[in-house]
Amino acid sequence: SGRVAALVAELSLEELVGQMTQLDIPMVLATDGLSWDEAKMQEAFGTYGVGSVLNSPFAGGRVGDKVGWDVHEWREKMTQLQSAAVKYQNHSIPMIFGLDSVHGAHYVDGAAIFPHNIGVAASFNTSIAHHAALVGSRDSRCAGVPWNFHPVAGIGVRPLWPRFYETFGEDPTVVGAMVQAAIEGVQGNSLKNHSHCAASLKHFVGYPATNTGKDRADAWIPPRQLRQYFLPPFAAGLQKKPASVMINSGAVNGIPVHSSKELLVDLLREEMGFQDGVLVTDYQDIEKLTFFHHIASTDEVAIEYALNASIDMSMVPLDYSFSIELVQMVKAGVVEMEVVKERAGRILQLKEDVGLLDEPLELPPAACTAKVGSPQDLAASLDAAHQTITLLQNRNQLLPLDEGLVRNVLVVGPAGDSIGALSGGWTLHWQGTLDDDEFSFGASITSGIKQLVSKKGWGGDVSYIQGASFTQITDIDDAVVAARDASLVVLCVGEEPEAEWFGDISDLSLSSPQLSLFDAIRSNSDAPMVTVMVSARPRLFAQTANADAIIMAYLPGPMGGEAIADIMFGDVNPSARLPFTYPFYQNDLTPYWHEYSQETSPLFEFGYGLSYTSFRYSGLVIDSPVKIGSNVSIEVTVTNTGSLDGHEIVLVFVSDLYASVSPEVKLLKAFHKIFLAAGDSTHLSLELPPAAFSFVGRDLSRVTERGEFSVQVGDAHAPLVLA
């Protein structure tokens, strides 16, 4: 804008570079970790003109006895920090504060927390992604935080990857739709609206596809595959005009993305149209070009790489090296002043867009605080959990449970009595927590079952014996003895909360103590068993597949214990489907969209999930042949043939039988969630656009070829010819 251009012209070199600098919150906190240090704030905003601060004082855990700041404390602290920024900066430029509010405003004590993205994807309901993002951003903005580093648009193709649960699964269509809904929830119709934040689409590009499955490792992605699978979700997200994009911390084909002009300028800025938005690094990622990626021998070389790749803001984040070195580089003529003006101008434009340049100290009206953690939000979180939990196995229709089976229920396993395990990483703290005393709401699986048994007046006994932690055998003998007399055993397994590289693993198998617990219970008890998997990723559990019922809970959040109980007892009919391929073997980690020449034997396929009712697809009709470039109309009838009402997720796949490059066996092109009462039918009229039959060809451009296709809707198939 003209206002921003005029401001850029007034700022000194040091002030412009300051705008490009983002610091972690400890850089302005006092030694108590809770109050501001006046001298540090003066240095940050006065000496260096820092443009942005991020993170929570509680990211690393409790500070003293405090779990976190509630919304009132956040508002007070943000007002104090912003006042210092305006006071000490020569031109009274406000800072912009950012948080990772990735499944609710989980750094705001008492705010509603939703299921993580991988579970949201299992709902195949974009309104869940939208509402979770809306509530999380509304609560963040109410707390005085206008920038939300959400959502993730990477496709989850490496189950080992510790951030797998932050993705919306392995399918480009699902991820793209969820990302669009999330951005709309974060940003609304106006960034100045006090119920919304600036979004950050992340992490461009290829981050989840690391070769080793470790965080921040190299990914080898051929150009055609990059365009066929990895770019479409980002392209979908960019249609919703996110205010910023965060960059992949790793490397693609040996080139760290933070240094890649080809990916960030030629592709993202120019080809994909993200020309004016802010490109922000992830944590310390310019410096990591030296000691982690080893492509730069000095910080100055690393900064030059990043600027050539059009990066605007450096999440430095724990020193002033970026500011000092970039100022020196401009003075030495290594970096042109116009480059710094351009990058600082984008950041100032973001600040204007969110309203900071108008009223830097204005917070949303205090009435918003009443909505934070409201009963309505907790009910929405519970509903989201209901829609995300996936029933994978139900032998002899064990579920839903009847009164006779809950005479003596034994819950075992490390995830059975832990709200923290249900919530995963990025919950209250960066690495999450296993201390349930830190949660102001929610219920463990054991508590959820107890509450529901009591509510029904069934009078059954529900007890919990851990048997094994995530890492070691504990009271397994006591669990075995109790299991002999149990009418039902609920085995709750998974993994500890984790985030980023702290969750790096080399083996997808469930931990040995948990598998030993299963074996001990199964070999010493005739009681029917329900296995509940509480996990950030698909941990291998082939032997526990012998359980009578298997529930995949993902990371449903604090309301997950109640939601799991509701599904086990039939108060809610499960409807979710797997948003990824669940592997059976350690070395068979193949997404469902593999080529015809590849063979794979998953434990459960993408899109798999059971209901307590049944559905039949009939009358699938496709007009064929269809002229190439035309929409394809599909007619199908879906009938609820069971005795219970239920939701059905209608999945529409396209298979290209022959193409000039090896096509996928199938690829999802559309999905719809419908409700049908028992015995009811509905006639669906669907339409696929020409793009649904295109692919990235040998010359890396998208092409549609004449030929034979197969369209699958549910379990019905029909041929199609494009002429």
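Author: Tyr596 lies in the loop between helix H19 (560–568) and strand E18 (615–622); helices (H or I, at least four residues) and strands (E, at least two) are DSSP runs, numbered from the N terminus. The model is predicted, so local features need pLDDT of at least 70 and side-chain atom pairs count only at pLDDT 80 or more, while totals for chains, interfaces and linings use all residues. Residues are numbered from 1 along each chain as its sequence is written, and side-chain values use heavy atoms, with hydrogens and water left out.

Tyr596 is partly exposed, at a relative accessible area of 41%. Here buried means under 20% relative accessible area, exposed over 50%, and partly exposed in between (1.4 Å probe, protein chains only). Together with Leu657 and Tyr658, Tyr596 makes a nonpolar surface patch of about 330 Å². Patches are made of residues with over 30% relative accessible area and no salt bridge, with like charges joined within 9 Å and nonpolar side chains (Val, Leu, Ile, Met, Phe, Trp, Tyr) within 5 Å. A salt bridge is a side-chain nitrogen of Lys or Arg within 4 Å of a carboxyl oxygen of Asp or Glu. Accessible areas come from the Shrake-Rupley method with a 1.4 Å probe, and for residues only the protein chains shown count as cover.

Now the cysteines. The structure holds one disulfide, a term for a pair of cysteine sulfur atoms within 2.5 Å. The disulfide joins Cys142 to Cys368, with 1.9 Å from S to S. The link of Cys142 and Cys368 is right-handed, with 80° about the S-S bond. Cys142 belongs to helix H6 (residues 126–142) and Cys368 to the loop between helix H13 (337–353) and H14, so the pair ties together parts that are 226 residues apart in sequence. Both ends are covered: Cys142 is buried at a relative accessible area of 1%, and Cys368 is buried at 14%. Cys197 is in no disulfide, and the nearest cysteine sulfur, that of Cys142, is 11 Å away. Cys197 is buried, with a relative accessible area of 0%. Cys492 also counts as buried, at 0% relative accessibility.

Helix H14 (residues 375–388) contains His386. His386 is buried, with a relative accessible area of 12%. Apart from neighbours within four places in sequence, His386 is in contact (heavy atoms within 4.5 Å) with Ala563, Asp566, Ile567 and Val572.

Next, the strands. Strand E5 (residues 198–204) and E7 pair in the parallel sense over three bridges; two strands pair if DSSP finds at least two bridges between them. Phe204 has Ile247 as its bridge partner in E7. E7 also runs parallel to strand E10 (residues 278–280), joined by three bridges, and Met246 has Val280 as its bridge partner in E10. From strand E7 (residues 244–247), Ser244 and Met246 point one way and Val245 and Ile247 the other, and all are buried.

A further group of three strands forms an open sheet in the order E6-E8-E9, with mixed pairing. Its edge strands are strand E6 (218–219) and strand E9 (255–256), each of which pairs on one side only. Strand E8 (residues 251–252) pairs with E9 in the antiparallel sense over two bridges, and Ala251 stands opposite Pro256 in E9.
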